[in-house]
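Visitor: Could you walk me through this one? I'd like to go through the strands and then a helix.
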Amino acid sequence: MRRDALILENLGDSVVFTNADEIVLECNASALKMFGRTEDELVGQPISAFVVDKDSFARDFPARTALAAKNKILESEIVLRKGNGDHALAEYASVPWKSADGSFLGYVTVSRDITEKRALEDQLQHAQKMEAVGQLTGGIAHDFNNLMGVISGSLQLIEAEDEDWGFIHKMAHTANKSVMRGRDLVDRMLSFSRRQNLDPVETDIAELMEGTVDLLRRSIGDNINVTLEFDANLARCVIDQAQLESAILNMSLNARDAMEPGGHLSIAARNASVTEIEEDQAIGEHHYVCVSIQDDGTGMDEGTLAKIYEPFFTTKDIGEGGGLGLSMVYGFVKQSGGHINVESVPGEGTTFSLFFPVAANDSSAHEKQITQTQEKNKTKQLGRILVVEDNPDMLEVTQHSLGRMGYDVVTETSGSSAMTQLSENPDVKIAFIDIMLPDGMTGTELAKMLLSVRSDLRVLFTSGYSDPAILKDAADISQVIRKPFNLGELKDALEGLMEGSKTLH
Ligand SMILES: Nc1ncnc2c1ncn2[C@@H]1O[C@H](COP(=O)(O)OP(=O)(O)OP(=O)(O)O)[C@@H](O)[C@H]1O
Ligand SMILES: [Mg+2]
């Protein structure tokens with residue numbers, strides 16, 4: 001074999017010689033592999049016979065010839081149809097090939113299959129995009145909930161005025177309801193970004209589903225026939241029950257929309273093993289419970305499928321879909337250590353499968369402590385309360401609200417000044433602390449220090465949004481109420497503390 005032929009045959013890249021009419025004259029072994037064809041199938045045929053988008057390829061023929069006449073190398077990407085019908089994305093460079101007298105004879109095209117490389121790049125880009133949205137949400141959520149805390153607190157103070165302000169009260173009430181909806185929206189965003197505070201407990205998913213199916217049937221209407229199917233010996237999972245219910249409800253509503261005017265929705269849960277999950281998603285030798293939601297609705301095409309978990313992606317009309325349903329489900333599943341798969345065939349239907357890891361010690365459920373039941377008879381003796389909050393507007397609203405409830409309020413904006421305040425004010429009974437404080441000392445650290453000098457002090461935390469780890473740290477010390485809070489919630493929480501129903505460490 002001649003030296004150049006040897007090189008050609010062993011080259012990893014595909015090399016194809018074509019004439020001026022783009023008919024294949026000769027090619028190497030890598031080209032046969034990339035095109036998925038035999039030499040007989042390839043040689044003698046126009047290149048266009050192997051191109052997926054034949055029309056636009058043909059349209060560009062004059063442009064290619066004009067470039068070749070100017071001795072320009074043509075570099076681009078093209079989708080090929082292989083012998084077995086699969087598509088291959090090829091990156092190529094076509095060099096014009098001329099005779100000794102300079103007349104144009106055709107091209108030498110060097111190309112390679114970049115299908116897998118592109119798929120990996122897309123996957124990475126997608127993951128990075130999701131991560132960026134997540135970080136952004138976490139950042140916004142904190143400030144946003146603080147802002148809404150101020151708005152909500154002020155509105156509730158207006159509502160609580162004794163004056164005969166009928167219309168004003170009504171408007172304040174309506175506005176406040178909107179603020180609370182804003183808080184829910186932030187919650188959904190947080191759940192997508194996997195930064196929400198989950199409350200996982202050991203759960204029998206079948207039992208949970210049976211308890212919710214009535215509500216689900218009512219939400220999706222009579223036109224949809226819902227069936228449940230569970231493995232008899234279904235393993236237990238450690239999971240946030242409210243979030244799972246809301247995920248299933250969200251997916252059932254999607255299924256309803258896809259089955260207009262009606263159809264069959266099947267919800268099933270069965271024991272599953274890790275091998276069922278695509279390898280790149282597997283995280284270990286876990287066993288899973290697979291919850292599947294199957295509909296016989298419109299199904300989705302590839303373009304839709306690629307985007308469904310993205311926040312705000314929706315194919316529904318304005319006002320009908322916010323595009324947050326599946327992104328919330330996705331975030332929740334991932335944060336629970338699980339996986340989500342979807343199979344969909346246009347015109348036939350869709351199946352979502354959620355895989356949740358089985359509880360390490362799949363035994364009796366740990367009974368969850370329900371938060372304190374409130375005694376409705378309030379103690380009249382409301383003592384002095386120290387509020388530590390760095391946002392001045394929030395501080396002002398909280399001060400007014402607590403004052404109105406009958407507390408004697410002292411305020412501080414940082415951890416260090418709060419320490420001084422406490423030592424000068426031995427009659428402070430409660431410290432109401434924002435978890436996110438400036439100047440290095442977090443609310444949790446402050447609480448620990450305050451409690452170390454005053455073990456009888458009662459602590460209540462508040463938070464607009466905090467890292468789940470910090471939040472958990474705080475929750476280990478005492479109760480946390482979320483911003484924006486309802487004054488009723490705040491009042492109940494404080495009374496609970498004063499009655500000593502929450503033991504402090
Ligand atoms: N079961 C399904 N069958 C067909 N298409 C679906 C199904 N589930 C989701 N989709 C598609 O995915 C898109 C995104 O769903 P997602 O639940 O995130 O948002 P949405 O339903 O449009 O709005 P939202 O849930 O916030 O009200 C939908 O608009 C729809 O096109
Ligand atoms: Mg939805």
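Guide: A term to begin with: two strands count as paired if DSSP finds at least two bridges between them. Please also keep in mind that this is a predicted model.

Visitor: Fine. What order do the strands of the open sheet have?
Guide: The open sheet has five strands in the order β7-β9-β10-β12-β11, and their pairing is mixed. Its edge strands are β7 and β11 (339-345), each of which pairs on one side only. On average, neighbouring strands of this sheet are turned by 15° against each other, with direction ignored.

Visitor: And which helix packs on that sheet?
Guide: That is α8, which touches β7, β9 and β10, and whose direction makes about 180° with that of β7.

Visitor: Now the helix itself. Where does α8 bend?
Guide: Helix α8, which covers residues 205-220, bends by about 45° at Thr 212. After α8 comes Gly 221, whose phi is positive, near 90°.

Visitor: Which residues of α8 are buried?
Guide: Ile 205, Ala 206 and Ile 220 are buried in α8.

Visitor: What do those buried ones pack against?
Guide: The buried residues of α8 pack against several elements, among them the strands β6 (201-203), β7 (224-230) and β8 (237-239), as well as the helix α9 (241-258). The list also includes β9 (263-273) and β10 (287-295).

How values were computed
Residues numbered from 1 in each chain as written. Chains lettered and ligands numbered in written order. Predicted model: local features only at pLDDT ≥ 70, side-chain atom pairs only at ≥ 80, totals over all residues. Bend = angle between axes of the 7 residues up to and from the residue. Helix = DSSP H or I, 4+ residues; strand = E, 2+ residues; numbered from the N terminus. Buried ≥ 20, exposed ≤ 12 C-beta atoms within 10 Å, placed from the backbone. Contact = placed C-beta atoms within 7 Å. Axes fitted to C-alpha atoms, helices over the stretch in contact; angles between N-to-C directions.
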